[in-house]
Amino acid sequence: MSRLLARILADPSACRGLEAAQWTALVTAARAESLLGSLAFRLEGEPGLPAKVVQILEAARWDSEQARTQALWEAEMARRALAGTGAPVILLKGTAIVAAGLDAGRGRSIGDLDILVPHERLDDVQRSLLEAGWEWVKEDSYDDLYYRRWMHELPPLIHRTRDRMIDVHHTILPPTARPRPDAAALIAASVALESGLRTLSPEDMVVHSAAHLFADGDLAGGLRNLWDIDRMLREFAARDPGFWPRLAERARLHQLRPTVARALRLARALYATPVDPALAGRPRLSDRFFEARLLARNGWGQPTRRALRFAFYLRSHWMRMPPLMLARHLWTKATR
Amino acid sequence: MGDAMSEQSSKEGGVLANPTRRTVLALGAAAASTVVTIRPALAQTAGSVMNCQIPVPGPQHSGQYIAADGSLVAPGTPGSFAPPARPITGEEAKTLLRGGFTPNGMDSQSAQAYANYIRRLQSGMSGFTCYASLQLPR
Amino acid sequence: MRHALNVAIGPVSFRVGSAWRSPVAALAGLYRDYPAPADEVCDFTVRLEPEKPWRRWLRPSVAIHGDYMLPDAAPLSLAHGLLAAEMGMNLQMALGQKRFLLLHAATVERGGRAVILTGESGAGKSTLAALLGERGWRLMGDEFALLDCESGMLHPFPRAISLKNGSIEVMRKVAGEGRLGPVLEGTPKGTIRHLKPRPEAIARMTEPARPALILFPRFGADRAMRPVGAAEVFVRLTQASTNYVALASRGFDSLSGLVATCPAMAIDYPDADTAISLVEALFRELPQ
Amino acid sequence: MAGPIYAADGPGAIRAVPLDGLVALFHRPSGMTHIVAPPAPQILEALQEGPADARTLLARIAAVYEIGEGSAEAIEARLAELEEAGLVRRA
C-alpha cells in the first residue's frame, strides 16, 4: 500500500477509480507514515473523491494547520527565551520547513522543535532554556555523559507547562558518524527569517534531510522524509538555476555526497522527482533494499518485511558508532 | 445566563473587558494568579479508551530502587524501596494517587514512594501517558 | 488481517481487523442491527493483534493497535476481545477525531433537542442515559457527544452501551435479555456486558439534534441541583474533551457557542428515579 | 526605577468571550486558550496603546477605571504571568 501512497503523492490523478476498501487502506497507510496531511493537500480539489474521503482529508488539513501553528509558536517561545544570548538560532527539520513557507510544509506533521546553535554557545543556550521553563526529560548521569561525549545534540529538554520537547543540536550528525558535516559552514550560510530566527540555506536543508533520512535512524518515517526531499528539490530547482551545482558543492563540503546522491535516486524512483543525473549518479544494487525498506508497510498500517527492517536497525547503530563503542554502549545499557 | 452572554460573546480582539468608565478595578495581591491555560486532556476518557500500566521504574532504569520522595536511587539505599514485582495498573495508580487503599502486595510506605515516582513522571518517560490520563480535572 | 469487519456508528465508521476470529465474531453479533458500511470508506482502522508473534497461540493476549495508539496500553486476554475492539474504537475517537469537538458525555434527545450529561467517570451518566433511552428519550450516545464545529449541532454516536457490574442487572430488568451481549467477567473494569440501543436509536443514528441543556449528574448524594456558571462549564467541558486543544479556534468557537446558548445545571441524585424526574423537570422548564 | 517594557500582539490576535466575570481568550498565534481574571484583560487592553512598563500601564488603566487596592507591583506580577503564557513579551 505504501507504493500506491507514494504514487498518488507524486501524481494525484492516480487515485481515480480507487474502491472504498482501497481508500481506507490508503488513509491508514498515510497515517502510519505521517503523510495524511501531505496527501490531503495534494488531493485538495481533486474531482470525484468519495464524500467520506473529502471529510477525512479536510479534517487532516485542519489538523496540520494546527500542527503548524503549534510548531511556529514553540519556535517563537525558543526565540524569546534565547534572545538574550545573542546566539544565532537556526531552525531545523519540520519547523524550518513551515517557517520558511516551503511547499514541503503543506500538511506536514511536526514533532519536536529542533534547533542548531554554535557549539561554543551550548552552555549559554542550555542555561537560558532552563531559566525559561524547559527541564531535562531524564536525570541520568550516564545518559548525560553519553550525549555530551558522543552526540550532536544536548539531551532532550521538555517545557514544563507546554509539554513540548526541544532538541538542541550543535551539528547535524553525531561526531561518531563517519561523515563530518561542517557545522560552522552550515551556520555561516544560514538564512534569516523575518522573526530573527534562521534556517539553513536551501542546499544545506536538502543535505540535512538526506543525512537525517539515512544516517540518523533505521529509516523509520523515511517515506515522509523523502517526501520533504522531493518537494524541496522541485521547489529550489525551479526557483534558481544555480541550485544543482551548489547542492553538489555543499554535499561534498559536508562529506555527504554519496548520501545526497542516494536520496536523489530514491526520490526519483518513488516520487518521480526530476533530479540532476550527474549528482544522482548511477543506480546501485543496494538502492533496491532502501526502496523496499521505505515501502515496507501494508494497508492495515502494519510494518512488513521484518528481516529487512531489522537489518536496517542494526545498520543504524553500526553507522552511528564504531564497533567497539557500540559494544560498550549496548553493554552499559544492558547492565545498569 | 443565555441572553446577556450571547450579546457580548463575539467581540474580536480589541475590547477585551468591555469597560464602563469609572468601574472599580481591584488589582489584587501580587501573589494572586489570574491566568489559567487550558491544557490537553485525555482525562475523563481514561477508563473508556485504555487499560494502561506504569512500570516502576521505567525499563531504562530497571533494577533501581525508589526513594520515599519518588526519585530513583541505587539498590539497597537506606530508606528506599524495591520496585514492585509487576507494573502498576492504571486503576491501582488512581487509588495510590488518591492516597486510598494500598494495592495488594504493597505496604503503605512503599506504595507512597511509588505514588511519588508516578507524580514525577514526565512526557517521554514510560508510563507518562497512562499517568496523564489519570489526572481527573478538579 | 485474517478477520475483519466494518462498523458504522453515527457519522463515524471503523474497520476492525483481528488476528483471531472471536473478537470480530462477537463484534458482528453486537452490531448486527446497525446499517452496514459495506461499501463505505472508513474513518479509522483498529487492529487487534498479538504483541509478539507467538502470543497468537501461546497465552493469547490482544494488543490494541490502529491508526492511533497509546504507548502504555496493556494487552487484554483473548476472552475480552470484544472489550479490546470497543477500546480500540474509543481510542481512535479520543486521539484521532478532528471533525467534531468530542465531549466525554452521554446524550439523549427529545423533540429535536438534546441533553448533554457529562462528568467524571463513575458519576452514573452512562446508566442514566441508558435508562432515559428506555423511557421515551432517544439515546444518542452513552460515551461521546460529537459537536459539529460548523453547525453547532450534536451528532449521535450510539455504540452499544458498556454496562458495568451493578448496572448490568438494572438494565437487564428494564431492557430484557435479548439486547444484551455476552458476559465479560474479570476485565480490568470488572464484569462488563454490552446493551444494544433500542431500534429507533440505531435507525436515527445519522440524525443530529440541537443541544439544549448541559447537566453534570452525580450519583450517590441527596437530591439537589445548582446552576453552574459559564466559566466553570467552559473549563469542565474543555477537560471533558479529548480534542479541544487540537481543534484550536474551531474548538474555542464551538465550545464558547455551546456555553453561551445552553443552560447548565449540576444535579445530585440518590437513585435512578430521582435522576430521571430531575432531568424531565429541567427539560420541561427550558424556554421553547 | 523603570521596570521592563512589555508588548502585546496586535488587534485580531486574540478572540475574547466573557464568562461571568472571567474572560476566555483564544490566542491565535499559539492556538492556546486561557481563562483570565481581572486585571489581566485590562492590562492586555492597555498594551494595545503600545509597549509600556508596569508604571505606565497602571496610569493607562487608571485613566479608564477607578483603581481599588493594589499597586504597580501587582501589575508587574500579572505581566510576568502573562509573559509565561505567551500573551505578552519583552519589547
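**Figure 1. Pro39(D) sits in a loop of chain D, between strand S4 (32–36) and helix H1 (40–47).** The peptide bond that joins Pro38(D) and Pro39(D) is cis, with omega about 5°. Helices (H or I, at least four residues) and strands (E, at least two) are DSSP runs, numbered from the N terminus. This is a predicted model, in which local features need pLDDT of at least 70 and side-chain atom pairs count only at pLDDT 80 or more, while totals for chains, interfaces and linings use all residues. Residues are numbered from 1 along each chain as its sequence is written, and chains are lettered from A and ligands numbered from 1 in the order in which they are written.

**Figure 2. A cis peptide bond runs from Val56(B) to Pro57(B).** Its omega is near -10°. Pro57(B) belongs to the loop between strand S3 (53–54) and strand S4 (65–66) of chain B. Most residues other than glycine have a negative phi, and most peptide bonds are trans.

**Figure 3. Ser34(A) is not a glycine, yet has a positive phi of about 55°.** Ser34(A) is placed in the loop between H2 and helix H3 (36–42) of chain A. With 19 other C-beta atoms within 10 Å, Ser34(A) is partly exposed. A residue is buried if 20 or more other C-beta atoms lie within 10 Å of its own, exposed if 12 or fewer, and partly exposed in between; the C-beta atoms are placed from the backbone. In chain A, buried residues make up 44% of the 336 residues. The chain has 16 helices and seven strands.

**Figure 4. Helix H4 (residues 51–82) of chain A packs against helix H7 (residues 244–261) of chain C.** The angle is about 105°, and the axes are 9 Å apart. H4(A) is therefore roughly perpendicular to H7(C). Axes are lines fitted to C-alpha atoms, for helices over the stretch in contact, and angles run from 0 to 180 degrees between N-to-C directions. Angles under 35 degrees count as roughly parallel, over 145 as roughly antiparallel, 65 to 115 as roughly perpendicular and the rest as oblique. From H4(A), the contact takes Trp62(A), Asp63(A), Gln66(A) and Thr69(A); from H7(C), Ala246(C), Ala248(C) and Arg250(C). Two residues are in contact if their C-beta atoms, placed from the backbone, lie within 7 Å. Three residues of this contact are nonpolar, two are polar and two are charged. Ala, Val, Leu, Ile, Met, Phe, Trp, Tyr, Cys and Pro count as nonpolar, Asp, Glu, Lys and Arg as charged, and the others, Gly among them, as polar.

**Figure 5. Ala248(C) lies in helix H7 of chain C.** Ala248(C) has a positive phi of about 50°, although it is not a glycine. Ala248(C) is buried, having 22 other C-beta atoms within 10 Å.

**Figure 6. Chain A meets chain C through 18 residues of chain A and 16 residues of chain C.** On the side of chain A, helix H2 (20–32) and H4 are the elements that give two or more residues. H4(A) provides the largest share, nine residues. This side of chain A has eight nonpolar, seven polar and three charged residues.

**Figure 7. Helix H3 (residues 90–97) of chain B crosses H4(B) at roughly 105°.** Their axes come within 9 Å, and H3(B) and H4(B) are therefore roughly perpendicular to each other. Ala93(B), Leu96(B) and Leu97(B) of H3(B) meet Ala111(B), Tyr114(B), Ala115(B) and Ile118(B) of H4(B). The contact has seven nonpolar, no polar and no charged residues. Among the buried residues of H4(B) are Ala111(B), Tyr114(B), Ala115(B) and Ile118(B).

**Figure 8. Chain C is divided into domain 1 (3–96) and domain 2 (100–160 + 197–285).** The domain bounds come from an automatic or database domain assignment. The C-alpha centres of domain 1 and domain 2 of chain C are 26 Å apart. Domain 1 of chain C gives 10 residues to the contact, and domain 2 of chain C gives 15 residues. On the domain 1 side, the largest share, three residues, comes from helix H2 (residues 81–96) of chain C. That side divides into seven nonpolar, two polar and one charged.
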